[in-house]
Amino acid sequence: MSTLIRAILAAAVCFVAGVGVTLALMPEKRPASLACRPSAPQALATKEPILVLGNSLAFDSDWQIDGKQTVNCARQGLTVAAALPLIDELPDIAPKSVVLVFGTVELVRDTADPEVFRSSLVKLVERLNSKYDPADIVVLGVPATGEDWSYDLADAKALNRVIAEIDEVSMLSLDTVLAQQGSAAHYDGVHLTPSMYPSIWAALETHLAIDHAGD
């Protein structure tokens with residue numbers, strides 16, 4: 001083997017080794033950050049804020065609640081477990097209510113173990129209670145009736161039972177709301193059609209009024 005070839009091979013080995021060390025020293029990729037809408041919620045002093053956190057079902061709506069200003073911190077593809085390390089990124093506001101929308105991502109990814117979901121949701125609620133006490137926390141149920149959903153409805157019902165069993169939150173059933181509509185609830189087996197949202201806003205407005213009746 002010529003001296004030139006030996007030199008080239010030696011240089012290649014050093015380069016590969018250097019890349020390996022560099023990759024090993026790189027920090028782990030953090031979960032994607034939240035991008036709340038509006039981006040400057042601290043300027044919303046004229047209306048009572050409601051914070052929304054969840055997956056695409058929350059992200060896809062502008063949450064028009066009469067007399068309230070919603071601060072939507074949802075992110076597409078967000079699971080309960082992935083939301084936990086993002087709590088510190090939530091805005092420093094004083095919402096009267098926090099609305100959570102989770103479960104469909106876990107179902108579609110086939111990672112919706114009820115006890116894992118329960119553990120993560122309880123931890124999330126504890127963190128939110130610590131940050132936003134005395135805000136009420138409302139969790140929207142997972143759609144679990146109807147046809148052509150892209151996940152197992154028995155699994156969805158199991159997640160709804162978990163939500164209903166957590167004492168620190170109140171649950172708003174999406175099944176009840178969607179069943180009252182005369183059109184298709186979803187357009188791809190997961191995401192809600194835009195026409196569903198006004199009824200969800202109205203149901204949430206009523207639910208929040210009941211929650212706050214004794215305040």
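## Basis of the model

The model is predicted: local features need pLDDT of at least 70, side-chain atom pairs count only at pLDDT 80 or more, and totals for chains, interfaces and linings use all residues. Residues are numbered from 1 along each chain as its sequence is written, and side-chain values use heavy atoms, with hydrogens and water left out.

## Overall make-up

The protein chain contains 8 helices and 5 strands. Both are DSSP runs numbered from the N terminus: helices are H or I with at least four residues, strands are E with at least two. Read from the N terminus, the order of elements is α-β-α-β-α-β-α-α-β-α-β-α-α.

Of the 215 residues in the protein chain, 43% are buried (buried means under 20% relative accessible area, exposed over 50%, partly exposed in between, with a 1.4 Å probe and protein chains only). The protein chain exposes about 11,400 Å², and carbon and sulfur atoms supply 57% of that area; the areas come from the Shrake-Rupley method with a 1.4 Å probe, and for residues only the protein chains shown count as cover. Among contacts with a separation of 6 or more, 68% join residues 24 or more positions apart (contact means heavy atoms within 4.5 Å).

## The sheet

The 5 strands form an open sheet in the order β2-β1-β3-β4-β5, with parallel pairing. Two strands count as paired if DSSP finds at least two bridges between them. At the edges are β2 (68–72) and β5 (170–172), each pairing on one side only. From one strand to the next the twist averages 25°; axes are lines fitted to C-alpha atoms, for helices over the stretch in contact, and angles run from 0 to 180 degrees between N-to-C directions.

Strand β1 (residues 48–54) pairs with strand β3 (residues 97–101) in the parallel sense over 5 bridges. Leu-53 is placed opposite Leu-100 in β3. Helix α5 (residues 114–132) lies across β1, β3 and β4 (136–140), and runs at about 160° to β3.

The Thr-70 side chain reaches two backbone oxygens: that of Asp-62 at 3.3 Å and that of Trp-63 at 3.0 Å. Leaving aside neighbours within four places in sequence, Thr-70 is in contact with Arg-37, Pro-38, Ile-50, Asp-62, Trp-63 and Ile-65.

Methods: Polar contact = N/O pair within 3.5 Å; in protein donor to acceptor, adjacent residues only side chain to side chain.
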